Amino acid sequence: METRGIEDMFDFRRFPKDAVVLLLLLIYFPVGICLMFIRIFIGVHVFLVSCALPESFVRRFIVRVMSSVLGMHVRQKNLRSRDKNTKLYICNHVTDFDLNIINLLTPCNTPQLEGSTGFMCWARGFMEIHSTSGQGAIGETLQRYCSTEGTAPLLLFPEEDTTNGRAGLLKFSSWPFSLTDSIQPVALRVTRPLIALSTPESSWLTELLWTFFAPCTVYHVSWLPSVSRQDGESTQEFANKVQELLAYELGLVSTKITKADKAEHIKRKRHTVPQTSTSVRPSSIGLGFMVQSLGTDDHRIAKMAQQVKDVLPHVPLNVIARDLAKTNCVDTTITNMLENREETPMEATGTSTFEPSNADSYSPGSEPTIKPAAKSFGKSPVDRHLSLQDRKEALYNFARRRYLEKQGLNPEDSH
């Protein structure tokens, strides 16, 4: 199996990036809206017809023709390879309507393993399984179903989630291959102009409306010869073999990415989106802008600037970053800011920059807050110089201790 980037396997945006295609989409948009409403009206009639007619070739033909009016066209090849005696079809998963498309070609049942039950389950074409004892009990139920004579074949999607069908296949789950020793692979390729086939976290109803909006969606179904499990071959090895066969037929790669990996990736993408909060400090916003604007080498300087900002919150970030570019050292920059405070521009706040308030005092057990202000004005230049030096030293020690505490370091160990 090959490793494929998870970003390549899913479409996280509905509309195209290409400017020309996007322009065509804008021109088509009013037509698509009108087409969607017309197809919703026709779709209700398709549903009623499929419910009224019994399962037969005539019913499948009529519904297939009406589905073409809805923009869902079906093409199949290698029809002679379809095994009428097989009890299990294994197919890759691209859209929420894959089972309905395969049902237009041959009668089959897909169990509803998760999601809604009752009428909605039946209306979407799923077979409801009355089992709440876990996947093991479901597997036993389906195994009994496959061994029963006269039942329609099962159609399962071992990927357990959809992909865009252009890059690779999700890792096949092994449990569907434990139901029977012989299966028939079904390769499904789906194409659609202008917009993506699906996006993560979109409901099936949303995807149905976009299907009605699109000019057309073409489903290419290819029947592969039946495959049997060899003696001594485990279910996972059997699953991997079938995955490789389908990937080769579709011109894709087999990956080890699972449904859980997809869910985790979606969760990470959701949390990396910038979130607005009323409690965010302006300095944090400024740092975020700097980190996004700067290159890879300057990202470290931006992080160091935030460390200095934690110690000296009233010094602008651009001033800190400019000094760090020269010193490349947090301690040196803090010292420079303290020694040149008369020349350093300050952000407008209600307190003095280098006079820590009681709110910034150390926790119990540490030294009290330092207030580096001279008690009286020196009578001689020498006294005034010594007073200035004392204040610089006190300010530096205070800022240093504050920085070490924020970093979780022991001030005594740093000497």
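Here are a few exercises on this predicted model, each with a worked solution.

Some ground rules: residues are numbered from 1 along each chain as its sequence is written. Local features need pLDDT of at least 70 and side-chain atom pairs count only at pLDDT 80 or more, while totals for chains, interfaces and linings use all residues; side-chain values use heavy atoms, with hydrogens and water left out.

**Exercise 1. Overview**

Work out how many helices and strands the chain has, and what share of its residues is buried.

Solution. Start with the elements, which are DSSP runs numbered from the N terminus: helices are H or I with at least four residues, strands are E with at least two. That gives 13 helices and 10 strands. Next comes burial, where buried means under 20% relative accessible area, exposed over 50%, and partly exposed in between (1.4 Å probe, protein chains only). Of the 415 residues in the chain, 40% are buried. Finally, take contacts, meaning heavy atoms within 4.5 Å. Among those between residues at least 6 apart in sequence, 74% join residues at least 24 apart.

**Exercise 2. Helix H6 and its partners**

Find which residues of helix H6 are buried and what they pack against.

Solution. H6 spans residues 204-213, and its buried residues are Glu 207, Leu 208, Trp 210, Thr 211, Phe 212 and Phe 213. These pack against helix H1 (19-52), strand S1 (72-77) and strand S8 (217-223).

Now look at H1 and H6 as a pair. Axes are lines fitted to C-alpha atoms, for helices over the stretch in contact, and angles run from 0 to 180 degrees between N-to-C directions. The two axes come within 7 Å and cross at roughly 115°. H1 is therefore roughly perpendicular to H6, going by these classes: under 35 degrees is roughly parallel, over 145 roughly antiparallel, 65 to 115 roughly perpendicular, and the rest oblique. On the H1 side the contact is made by Leu 25, Tyr 28, Phe 29, Gly 32, Ile 33, Leu 35, Met 36, Arg 39 and Ile 40, and on the H6 side by Leu 209, Thr 211, Phe 212 and Phe 213. Sorted by class, that is 10 nonpolar, 2 polar and 1 charged residues. (Ala, Val, Leu, Ile, Met, Phe, Trp, Tyr, Cys and Pro count as nonpolar, Asp, Glu, Lys and Arg as charged, and the others, Gly among them, as polar.)

**Exercise 3. H1 against H2**

Describe how H1 and helix H2 (residues 57-69) pack.

Solution. Their axes are 10 Å apart, at an angle of about 175°, so H1 and H2 are roughly antiparallel to each other. From H1, Arg 39, Ile 42, His 45, Val 46, Val 49 and Ser 50 meet Arg 59, Ile 62, Val 63, Met 66 and Val 69 of H2. This contact of H1 with H2 divides into 7 nonpolar, 2 polar and 2 charged residues.

**Exercise 4. Aromatic pairs**

Count the aromatic pairs and classify Tyr 28 with Phe 213 and Tyr 89 with Trp 223.

Solution. Rings of Phe, Tyr and Trp (its six-membered ring) pair if their centres lie within 6.5 Å; planes under 30 degrees apart are stacked, over 60 edge-to-face, and the rest tilted. The count comes to 10 aromatic pairs. Tyr 28 and Phe 213 have ring centres 5.5 Å apart and planes at 75°, so that pair is edge-to-face. Tyr 28 lies in H1 and Phe 213 in H6, so the pair ties together parts 185 residues apart in sequence.

Then take Tyr 89 and Trp 223: centres 5.4 Å apart and planes at 70°, so edge-to-face. Tyr 89 sits in strand S2 (residues 88-91) and Trp 223 in S8, so this pair links parts 134 residues apart in sequence. Tyr 89 is buried at 2%, and Trp 223 is buried at 0%.

To finish, ring pairs link Phe 15, Tyr 28, Phe 29, Trp 210 and Phe 213 into a cluster.

**Exercise 5. Lys 269**

Solution. The C-alpha atoms of Lys 269 and Phe 12 are separated by 9.7 Å, though the two are 257 residues apart along the chain.
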